[in-house]
Protein chains: 2
Amino acid sequence: MAKDKSPEAEPKRRRLPSAERRQEFILKAIDFFAEEGFESSTRGLAKKLGVTQPLLYRYFPSKEDLISEVYDAVYVKRWQPEWGDLLADRSRPLSDRLNEFYNVYTDVIFNREWMRIFLFSGLKGVDINRRYLRLVRSRILEPIVAEARHEAGLPPAEATDAQVEFVWTMHGGIFYYGVRKLIYESNVSDDQDTVIATAIEALLAVLPGKLANDT
Amino acid sequence: MAKDKSPEAEPKRRRLPSAERRQEFILKAIDFFAEEGFESSTRGLAKKLGVTQPLLYRYFPSKEDLISEVYDAVYVKRWQPEWGDLLADRSRPLSDRLNEFYNVYTDVIFNREWMRIFLFSGLKGVDINRRYLRLVRSRILEPIVAEARHEAGLPPAEATDAQVEFVWTMHGGIFYYGVRKLIYESNVSDDQDTVIATAIEALLAVLPGKLANDT
DNA sequence: GAAATAAGTTGTCAGTTGATAAATAAGCGC
DNA sequence: GCGCTTATTTATCAACTGACAACTTATTTC
């Protein structure tokens, strides 16, 4: 109902420059596939986009190619390299750094689309998912072990599998809080800061002892 | 090529009594849908069963009805009421009980089919999923808080949301270990007992303090 | 303002989907 | 061995799927 140039009221075919439209497709495809799953039809997506279905094939050779772009936009583009710097800032207590990190990290991943895309693609068995987990391990969990060693006055050493696994438990506990909230839509505590803080507290209560033991 | 009674070699139509076949369908449907997702075709399932697709409709009015039976077989039938007794056995230290409980509990849920069915149905937004989480809360997590209170010499009291949330973090950490192992098929530590034991250790290191504080 | 470019649509195809109806045949009771 | 019951198959439907070719038209260029 937004009238602009009075007479020709409805411009039936709203054209967009190629790059712009492509971007629009990817962004809305994230929402669409997150909600309906990757098995949902390209016609359903086209309807949501307000265009016809064959138009999608002008921008992406196949449905799978479009889905790959979705993965890229969600996993790769939203990853912030500065997270590593944050964790490594030894001017602050590790506990502070961890709390801040998990606050900013969950700002990125604790939303319905991210979570659902992640679970859907995980069930599909796509490789990018395993790559993401390796990234988490090398850029987040192993650094956490290293920082904990430093704070405990231990010499640097490569993190053992068991140590990383323990940090995974805390990380997974926080992640699963997001799953319960955003996927299962359960009644979760709305005090997310406290949930994160307590998980970190439990980690730091036990981790130093583990590190000292097996070196 | 397995010859048995020489001449009639291949009995084209192998009939089964109704109840038996129905059960067979449900069991194989669990594997099938766990692997391929609930959007997979009834023809695919029939092929796996070695029968024709319309036969499924003699046993289940619709695909959704069959899927409901799958949920029932996985979530409801595999739940063991004695888990509650195990957690409540005050003749043993809570730490022991928790370790034993998570060992037997993960015996049930740490397998590819259970995990995948759970995630698939969660993404579908079916209500049985939320019901399952409520069961976990009332039969596992709240009892854990109650037992921890008792062991800390505190008077009985209803568990607060924040307390349950903290136990959820440990529970979710263990659960997510299973997800990484069975869904993402990552390189996880194969020492599952230690993973569980350490998660419990971290919980018990912090939980008593939390309980004392807010009563 | 005509011609060229490219954004968008119409039409369609071959394969797949859940589901039903009707035909077939295995195994039981007698 | 006959007839009945019912487990199972064959045949089929209408709707939907990813993908492609050909047509239309908005926008740019000169």
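Is Arg97(A) buried or exposed? At 2% relative accessibility, Arg97(A) counts as buried, where buried means under 20% relative accessible area, exposed over 50% and partly exposed in between (1.4 Å probe, protein chains only). The model is predicted: local features need pLDDT of at least 70, side-chain atom pairs count only at pLDDT 80 or more, and totals for chains, interfaces and linings use all residues. Residues are numbered from 1 along each chain as its sequence is written, chains are lettered from A in the order in which they are written, and side-chain values use heavy atoms, with hydrogens and water left out.

**Salt bridges within chain A**

- Over all chains, the structure holds 36 salt bridges, each being a side-chain nitrogen of Lys or Arg within 4 Å of a carboxyl oxygen of Asp or Glu.
- Arg97(A) pairs with Glu147(A) in one such bridge, with the closest N and O atoms 2.7 Å apart.
- This pair links distant parts of the chain, 50 residues apart: Arg97(A) is in helix H6 (residues 94-109) of chain A and Glu147(A) in helix H8 (residues 127-151) of chain A.
- Helices are DSSP runs (H or I, at least four residues), numbered from the N terminus.
- Glu147(A) also counts as buried, at 7% relative accessibility.
- Asp161(A) and Arg137(A) form a salt bridge at 3.0 Å, N to O.
- Because Asp161(A) lies in helix H9 (residues 161-182) of chain A and Arg137(A) in helix H8 of chain A, the pair ties together parts that are 24 residues apart in sequence.
- Arg137(A) counts as partly exposed, at 21% relative accessibility.

**Salt bridges between chains**

- Arg180(A) and Glu165(B) meet through their side chains in a salt bridge of 2.1 Å, N to O.
- The pair crosses between chains, from helix H9 of chain A, which holds Arg180(A), to helix H9 (residues 161-182) of chain B, which holds Glu165(B).
- Arg180(A) is buried, with a relative accessible area of 3%, and Glu165(B) is buried with 4%.
- A network of salt bridges links Glu35(A), Arg112(A), Glu185(A), Asp127(B), Arg130(B) and Arg131(B).

**Symmetry**

- Chain A superposes on chain B by a rotation of 180° with 0.0 Å of shift along its axis (RMSD 0.0 Å), fitted by least squares on the C-alpha atoms of residues with pLDDT of at least 70 in both.
- That is the relation of a two-fold axis.
- Gly173(A) comes closest to the rotation axis of the residues of chain A, at 2.0 Å (C-alpha).
- The same surface serves both copies, since 100% of the contact residues of chain A recur in chain B, contact meaning heavy atoms within 4.5 Å.

Terms used: Helices (H or I, at least four residues) and strands (E, at least two) are DSSP runs, numbered from the N terminus.
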